[in-house]
Amino acid sequence: MTVLDGDAEREFREFVRADTPNLMRAAYLLTGDPHHAQDLVQSTLANVALHWRAAAEHPHAYARKSLYHQAVSWWRWRGRRPETLFAALPDASARDDDGDRDRRLVVRAALSRLTPKQRAVLVLRYFEDLPESETAALLGCSVGTVKSQTRHALSRLRALAPELGELFESAEVRR
Amino acid sequence: MSESLRSTLDAVSRDVAMPDDLTDAALRLAGRRRRRAHVTVPVLAMVVVALLVLLVTSVFSVGRRAVVPAGPVSGPGAVPSSVGAVSDVRSEFSAPIARAALMYQDRGGTPILVSADDEAVRALRVSSSGGYRGAAYALSPDGMKVAYGWQKTSPVGGAQPKTQLRVVTLATGETASLALPGIGLGEPVESIAWSTDSARLLVQGVVTEGAQQNGGYGSVECFLVDIDSSGALTRGAKVQFTGPDVDGWSADGQRLLSVQTPEVDITDLAGKTVGSVRLRSMPDAGRYGNVFGAAGQLWSPDEQQLAIAEAKALPDRPLNVLDGKPRPYLLRAVSLTSSEATAPETDVELGQAMDAHVVGWADDGRVLVGVLSGGAENVYSVDVRTGEKRVVVRFDAGLTSSAPQVAGEIVRGGGFR
């Protein structure tokens with residue numbers, strides 16, 4: 001049973017090549033684990049392929065919506081396992097100084113302690129740079145919910161990583 | 001300035017390695033899903049009908065009881081194996097228990113209780129009808145009750161969920177409930193702390209009702225709940241408590257202790273600070289202390305000391321983050337009698353562990369500490385004066401979220417009697 005054929009498959013392959021890096025990066029922020037991120041992206045792409053006729057016009061938007069919805073529901077079904085989110089620390093890169101690496105580690109660890117919904121809201125607002133209304137539309141909730149989730153998430157991050165308080169406070173000012 | 005959070009997230013996201021082309025794998029997965037859908041739909045229809053019949057039958061047979069403290073605990077890793085007096089844990093019971101000495105959660109998050117009287121093991125099953133589930137389970141210090149939030153955590157938006165605080169009496173299975181109007185959405189009941197006499201609760205919940213209309217946000221509210229002799233719950237005054245968690249409640253019920261490293265704050269129920277101690281950085285502690293706040297500390301019953309389970313910093317891993325690798329953990333008891341706790345009175349090696357946290361103080365000065373290592377979270381009893389330690393409860397490997405809480409006998413004796 002072939003899911004796509006001919007032109008549709010060629011277009012899908014082009015879309016995957018172009019969008020995989022962005023999807024992987026967002027998935028990594030959402031899951032905190034490279035293996036889970038790859039699973040999530042692969043599952044998202046399978047969804048897009050299954051609904052290619054509907055998604056072909058705006059495949060990126062379709063994939064993004066599928067990715068975030070799965071990220072929230074996956075973690076709901078899998079239960080909360082904060083102690084296993086991170087399989088390993090990233091290798092130290094020559095370009096890093098200690099401060100940058102520490103900051104990334106702290107932010108990554110703190111993100112893992114948020115609820116899936118809070119993580120999704122933060123990634124959409126501050127990584128994808130979406131306004132509140134688009135974030136709400138994508139997650140299927142109200143703008144008020146996005147606001148309250150953002151506030152809880154930033155407040156939780158401040159408590160978890162007080163040494164980065166300025167980072168989160170500046171984000172709150174912008175919100 | 002918000003650009004800095006954005007750029008930090010951007011930098012974090014660049015740590016992930018890009019996979020090879022996922023097209024073929026995605027197409028194979030899509031094909032499997034399509035084939036499965038063709039088979040699954042008729043089967044699902046039959047299952048739904050069967051479940052509906054089962055549901056109707058069970059509603060008429062058990063009425064509206066939300067909690068059923070019964071049934072054998074099943075599944076690998078669900079029953080603790082043990083040492084000392086818990087060596088003969090039985091796994092087939094159907095009657096309620098009078099008092100629990102220990103509560104932990106299995107891999108699915110179900111609370112499991114171990115009787116203080118005969119070491120029987122029970123699963124506490126909570127109704128999940130309408131998408132609701134239990135959360136923030138807390139065993140009372142007398143071991144006779146379990147409090148929890150009954151709440152809806154999934155999809156947000158729409159009508160306010162009917163979040164409740166529930167308290168189940170283990171001996172009878174009777175459940176008292178208290179509606180929490182306004183508390184809802186996300187992770188509404190954040191924490192529940194019992195007073196030392198098991199007669200009061202301090203509940204932290206997220207209030208979101210009205211927030212959307214105001215154009216504002218939800219806020220965390222902290223309030224008291226009293227339990228009378230009949231078991232009925234009454235909502236009491238708001239408490240101006242701003243700490244992340246209650247790490248101790250004074251014996252007279254008037255003061256709360258919370259730790260936000262390096263500050264230790266003691267407040268009264270009106271929110272006024274009545275004591276403050278600054279923990280000076282321990283010589284070999286992590287650069288930022290315990291990043292996650294929940295470092296597993298606990299106030300001693302005489303209110304003179306604080307027991308802290310803390311990971312040692314390693315040269316290549318200065319941060320105490322949950323990175324999936326074991327670290328050497330220490331149990332430290334620090335005196336709170338001066339405004340600055342400069343040196344630990346006790347420094348006990350707990351060995352290599354993934355995580356550790358203090359779960360109880362015994363009257364004889366022993367500290368009970370849960371140590372997660374090798375996939376199992378064992379409970380040690382540690383004499384903070386001599387450093388002598390022994391395992392009092394040993395769980396099977398694979399209990400990744402055991403989160404033990406202790407009460408009753410186990411606390412008084414520093415172990416099961």
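**Notes on a predicted two-chain model**

1. A:Asp129 is partly exposed, with a relative accessible area of 41%. You will find A:Asp129 in the loop that links helix 6 and helix 7 of chain A. Its backbone deserves a look: phi of A:Asp129 is positive, near 65°, in a residue that is not glycine. Most residues other than glycine have a negative phi. Please keep in mind throughout that this is a predicted model.

2. The axes of helix 6 (residues 116-127) and helix 7 (residues 132-139) of chain A come within 10 Å and cross at roughly 135°. The crossing of helix 6 of chain A and helix 7 of chain A is right-handed.

3. Which residues in helix 6 of chain A meet helix 7 of chain A? From helix 6 of chain A come A:Lys117, A:Ala120, A:Val121, A:Leu124 and A:Arg125, and they meet A:Glu132, A:Thr135, A:Leu138 and A:Leu139 in helix 7 of chain A. By type, the residues of this contact divide into five nonpolar, one polar and three charged.

4. Turning to chain B, its secondary structure comes to four helices and 26 strands. Of the 417 residues in chain B, 52% are buried. Among contacts in chain B between residues at least 6 apart in sequence, 50% join residues at least 24 apart.

5. B:Leu22 sits in the loop between helix 1 (2-13) and helix 2 (23-62) of chain B. Is B:Leu22 buried or exposed? With a relative accessible area of 3%, B:Leu22 is buried, since the cut-off for buried is under 20%. Leaving out residues up to four places away in sequence, B:Leu22 touches A:Val16, A:Thr20, A:Gln38, A:Val41, A:Gln42 and A:Leu45.

6. Chain B also has an open sheet of four strands in the order 5-6-7-8, with antiparallel pairing. Its edge strands are strand 5 (132-139) and strand 8 (175-179) of chain B, each of which pairs on one side only. From one strand to the next, the twist averages 25°. Strand 5 of chain B is joined to strand 6 (residues 145-152) of chain B by six bridges, and the two run antiparallel. Within that pairing, B:Gly134 stands opposite B:Trp150 in strand 6 of chain B.

7. B:Ala136 is partly exposed, at a relative accessible area of 25%.

8. How many residues of strand 22 of chain B are buried? Six of the seven residues in strand 22 (residues 355-361) of chain B are buried, so this strand is largely enclosed by the rest of the structure. Strand 22 of chain B pairs with strand 23 (residues 366-373) of chain B in the antiparallel sense over six bridges. B:His357 has B:Gly370 in strand 23 of chain B as its bridge partner. Four residues lie between the two strands of the hairpin, where B:Gly365 takes a positive phi near 90°.

Terms used: Residues are numbered from 1 along each chain as its sequence is written. Chains are lettered from A and ligands numbered from 1 in the order in which they are written. This is a predicted model: local features need pLDDT of at least 70, side-chain atom pairs count only at pLDDT 80 or more; totals for chains, interfaces and linings use all residues. Side-chain values use heavy atoms; hydrogens and water are left out. Buried means under 20% relative accessible area, exposed over 50%, partly exposed in between (1.4 Å probe, protein chains only). Two strands pair if DSSP finds at least two bridges between them. Axes are lines fitted to C-alpha atoms, for helices over the stretch in contact, and angles run from 0 to 180 degrees between N-to-C directions. A crossing is left-handed if the near helix is turned anticlockwise from the far one by less than a right angle, and right-handed if clockwise. Contact means heavy atoms within 4.5 Å. Ala, Val, Leu, Ile, Met, Phe, Trp, Tyr, Cys and Pro count as nonpolar, Asp, Glu, Lys and Arg as charged, and the others, Gly among them, as polar.
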